[in-house]
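Here is a short tour of one protein model. Keep the sequence and the 3D view side by side as you read.

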Amino acid sequence: LNVKLEVSDPEGLSFTKQLGIFVVEPPHLSLPPKCEVNSVPEDVVVSQKLCTLLIPEAPSQSGFSYTVISGPVRIMNANEVVVENPDEINFDEKDPYITFRIETADSYGTKITNEFHLAVTPVNEPQTSMSLNMAPYTGRKGWIGSINVEDPDSDQQSYIFLANPGSVFEIRFDNIYVREPYVNWSGKDEVLVLRIQANDQAGHIISAEAFIIVEATSDSDDELTGGIIAAIVLSSLLGFVLLVLSLFYGMNYLKKKRAQKDREEDEAKAMGIGSSLANAAAAYLSAPSGPEPTVYVKIPRLFLNHSRFGGGIMSQPMMTKYGNSYEEEDLKNHLSVQKTDPGNDQSLHLEEAAPNRTLRIQIERWLTARTPEEMGSSHWLYYNVESWIIKRGEAKLIADADLR
């Protein structure tokens, strides 16, 4: 803007000056505003500043106006966005973003509407309320009430007693139980004040109390009732112990009877082998045999090796996964040729067998208990399930026959 300025004095002298005045044009709106933050904490309050709106590449931030179209915010100090309704900003219940739309206008009438998204960061908030829901006190053990805590974050609560008269109450999870009945020594109605404190994971604390009315009772009646209950419990325990002992001794008696019956059946089976075997044995034993003693030894069948391996007492028994035991050397030789259990021809590998230490100890004890006469005798009776085999000298069978 060009301005011509003339200055004169009283004597008629004048001076003329040409001035050039620059007029600043209001900025034009070409880009939408920006918000300098990207997130907002969950526990914001009313009028708390969220961000400042700035127009990119504008020579000045003046000359613009802002209008909130939607969202829980409002504009303060020309271009500051502040919280209007914090109840709509809740990470636990709402969308984890706060969204608002703002219209920006310049002095020429240009308008731009922009939508902003700010992430809401969660904040562990304190409990909002706590109550104790108590049932009438009956003087007995057991459940009496529950604890109700409202926590915006649904935190697990831990509880402690601030007041527990007589230490008769206890807390299990969110429930209150009577651990020991309250004894009313005064003989009058009394009011117990129960106070409990709750703590959440962030250390927030809240407490509540409840009043419990204890009706007057006779102390002697309480003692009598306690004595009756104790007697019932004691008699139940004694009855249970007697029942267990009866079952234990009964099972042992049955086992002994069964073992005796098995022995009797074995003896009967041995005695009933047949006249041919008896006659052959008698003939063999009556034959001249020199000075050797005629002592007969009955060998338990579990101590004998399988007939496939020539029988005989095992020195290093080895048990397969099927429960059959064989002399270790014989079993290994067998498995090196055929991968089966010698007793049932089922599939078997060497790693599926292990030393039978229990049987080996039994055999060693049995041999140790034999007398010198028995150990020097050549008449050993091998009882092998269905047959008696009389062995003499080099394992010669009677009449060289299979006596099954």
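Where does Gln127 lie? Gln127 sits in the loop between β10 (111-121) and β11 (129-134). The model is a predicted one, so every value below is computed from it.

**A buried glutamine**

Is Gln127 buried or exposed? Its relative accessible area is 8%. The cut-off for buried is under 20%, so Gln127 counts as buried. Its side chain makes a polar contact with the side chain of Gln157, at 3.0 Å. The side chain of Gln127 also reaches the backbone oxygen of His204, at 3.2 Å. Leaving aside residues up to four places away in sequence, Gln127 touches several others, among them Val149, Pro152, Ala198, Asn199 and Ile205. Gln157 and His204 are on that contact list too.

**A helix with two sides**

Now turn to helix α3, residues 328-337. Which of its residues are buried? They are Leu331, His334 and Leu335. Seen down the axis of α3, these buried residues fall within an arc of 95°, so they line one face of the helix. An α-helix has 3.6 residues a turn, so residues three or four places apart point the same way. On the other side of α3, Glu329, Ser336 and Val337 are exposed. What covers the buried residues? The cover includes β19 (317-320), β20 (325-327) and β21 (353-355).

**Salt bridges**

Side chains of opposite charge can pair when their charged atoms come close. How many salt bridges does a search of the whole structure find? It finds eight.

Asp345 lies in the loop between α3 and β21, and Arg308 in the loop between β18 (296-299) and β19, so the pair ties together parts that are 37 residues apart in sequence. Asp345 is partly exposed, at 47% relative accessibility. Arg308 is partly exposed as well, at 42%.

Glu209 is partly exposed, at 37% relative accessibility. Arg195 is also partly exposed, with a relative accessible area of 30%.

Note on methods: Residues are numbered from 1 along each chain as its sequence is written. This is a predicted model: local features need pLDDT of at least 70, side-chain atom pairs count only at pLDDT 80 or more; totals for chains, interfaces and linings use all residues. Side-chain values use heavy atoms; hydrogens and water are left out. Buried means under 20% relative accessible area, exposed over 50%, partly exposed in between (1.4 Å probe, protein chains only). Helices (H or I, at least four residues) and strands (E, at least two) are DSSP runs, numbered from the N terminus. The arc is that of the directions from the helix axis to the C-beta atoms. Contact means heavy atoms within 4.5 Å. A polar contact is a pair of N or O atoms within 3.5 Å; within protein, one must be able to donate a hydrogen and the other to accept it, and residues adjacent in sequence count only if both atoms are side-chain atoms. A salt bridge is a side-chain nitrogen of Lys or Arg within 4 Å of a carboxyl oxygen of Asp or Glu.
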